[in-house]
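Good morning, and thank you for coming. Please look at the structure on the screen, and I shall then go through a few of its features.

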Amino acid sequence: MQQNDSITSRRKKEHLELCLTDEVSFNNKTNGFEKYDFLHYAITEVDINKITFETKFLNKKISYPFLISCMTGGVDVSESINAKLSVAANELNIALGVGSQRQALENKSFHHTYKIIRRNAPGIPILGNIGAAQIAEMSERSRLKSGKSFDTVQYLVDLVEADGMVIHLNPAQELMQPEGDILQKGLLKSITKLVKNLKVPLFVKEVGSGISKFAAKKLLDAGITGIDVAGAGGTSWTGVEILRNKGSATNEFWDWGLPTSYCIKEIFRLKKKYKFTLVGSGGINSGVEAAKAIALGADIVASARIILQELNKNGAEGVVKLVNKWFDTVRKIMYLTGSNSLQELRKNKIVEKGSLY
Ligand SMILES: Cc1cc2nc3c(=O)[nH]c(=O)nc-3n(C[C@H](O)[C@H](O)[C@H](O)COP(=O)(O)O)c2cc1C
């Protein structure tokens, strides 16, 4: 097998190594969930054993409203990570995102590192993944009628037999990379075109700097199906790039971004006008945080780095145990807030702590 260690592959390897450490958390900014508390409901009549988390995502039924966020593919070590992640996701019957498929566009050497996911998890919802910069570039190429165009995105979908595609927006991360792609001219126009050309639903996500209500509205007007806020307070992707380039944790962009809780709360308001799936992510590292994200309006929640770390420590079995434990906590919170269903948990079950004093 040809091993083509391109810049893209090497960068992915460095990202994986840094994300196994705790050095890439935000310094002084949190995801904001600690500012909220649940409204205890003393006369709960909820039958805790009848609570079900079954949720529809990308036209498939999943057992928990949970997505393992896009992480890897395109480098040798990715195969075993994706193999284990997909075994865990399959056992839990939850959704899984593949890591950026940019490398898969460069050559076929590492296609197997992505394909392993569908092989191990034939029935779960899978999201393909590509960067905003690559999409913007395609728009220019299709205008010039040369090279890779929007058909390439469908090719990436087919490669992993995905149920949906996600574009990652990461301008802050790219800005911190000396080799970063910071020209995103025509991005929104390309997204609009892509929605029309793609055979599967299109999602958009950040990677840890969050999405504002204003940006979300523009994306929804472009026709996308889902938004994953990937807000600030979990993994700092500016931090990852600063460390890769031997910079200091005091860099003024380390903590850049909108906290996860703020993004969910703000974007949820758009549900009055638009129909879309809202994914809450960015530093969701416990069952309590998952429940708070849902209570603030997320349809499903997602996590990345904590899952990678658990996988590294305790394998697929560890990830299965962790997610089961989180949702056991969510179940107890639903009982104590008088929420028979996830829909009820989203209805006035959470308050800002300040209002309690
Ligand atoms: C090791 C690692 C690799 C990642 N690679 C990608 C990627 O290829 N594409 C992408 O959209 N997001 C990627 N992300 C970002 C995550 O999907 C997620 O949005 C972000 O880390 C915030 O979630 P967290 O705080 O739970 O880690 C990666 C995250 C990790 C930890």
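Is N59 buried or exposed? Because 10 C-beta neighbours lie inside 10 Å of N59, this residue counts as exposed. Here a residue is buried if 20 or more other C-beta atoms lie within 10 Å of its own, exposed if 12 or fewer, and partly exposed in between, with C-beta atoms placed from the backbone.

Please note that this is a predicted model: local features need pLDDT of at least 70, side-chain atom pairs count only at pLDDT 80 or more, and totals for chains, interfaces and linings use all residues. Residues are numbered from 1 along each chain as its sequence is written.

N59 lies in the loop between strand 2 (55–57) and strand 3 (60–62). Helices (H or I, at least four residues) and strands (E, at least two) are DSSP runs, numbered from the N terminus. Most residues other than glycine have a negative phi. The phi of N59, however, is positive, near 65°. E161, in the loop between helix 6 (151–159) and strand 7 (164–168), also has a positive phi, near 50°. E161 is partly exposed, with 14 other C-beta atoms within 10 Å.

Seven of its eight residues are buried, so helix 10 is largely enclosed by the rest of the structure. The buried residues are W237, T238, G239, V240, E241, I242 and L243, and they pack against helix 1 and helix 7 (171–176).

How do we describe such packing? Two packed helices are described by the angle between their axes and the distance between the axes. E14, H15 and L18 of helix 1 meet V240, L243 and R244 of helix 10, where contact requires C-beta atoms, placed from the backbone, within 7 Å. By class, this contact has three nonpolar, one polar and two charged residues. Ala, Val, Leu, Ile, Met, Phe, Trp, Tyr, Cys and Pro count as nonpolar, Asp, Glu, Lys and Arg as charged, and the others, Gly among them, as polar.

On the side of helix 7, consider M176. M176 counts as buried, because it has 24 C-beta neighbours inside 10 Å. Leaving aside neighbours within four places in sequence, M176 is in contact with T238, E241, I242 and F253.

Helix 8 (residues 187–197) has S190, I191 and L194 as its buried residues. Seen down the axis of helix 8, these fall within an arc of 100°, so they line one face of the helix; the arc is that of the directions from the helix axis to the C-beta atoms.

Finally, which helices each supply at least two residues of the shell around the ligand? They are helix 1 (7–19) and helix 13 (305–336). The shell has 10 nonpolar, 14 polar and two charged residues.

Technical notes. Two residues are in contact if their C-beta atoms, placed from the backbone, lie within 7 Å.
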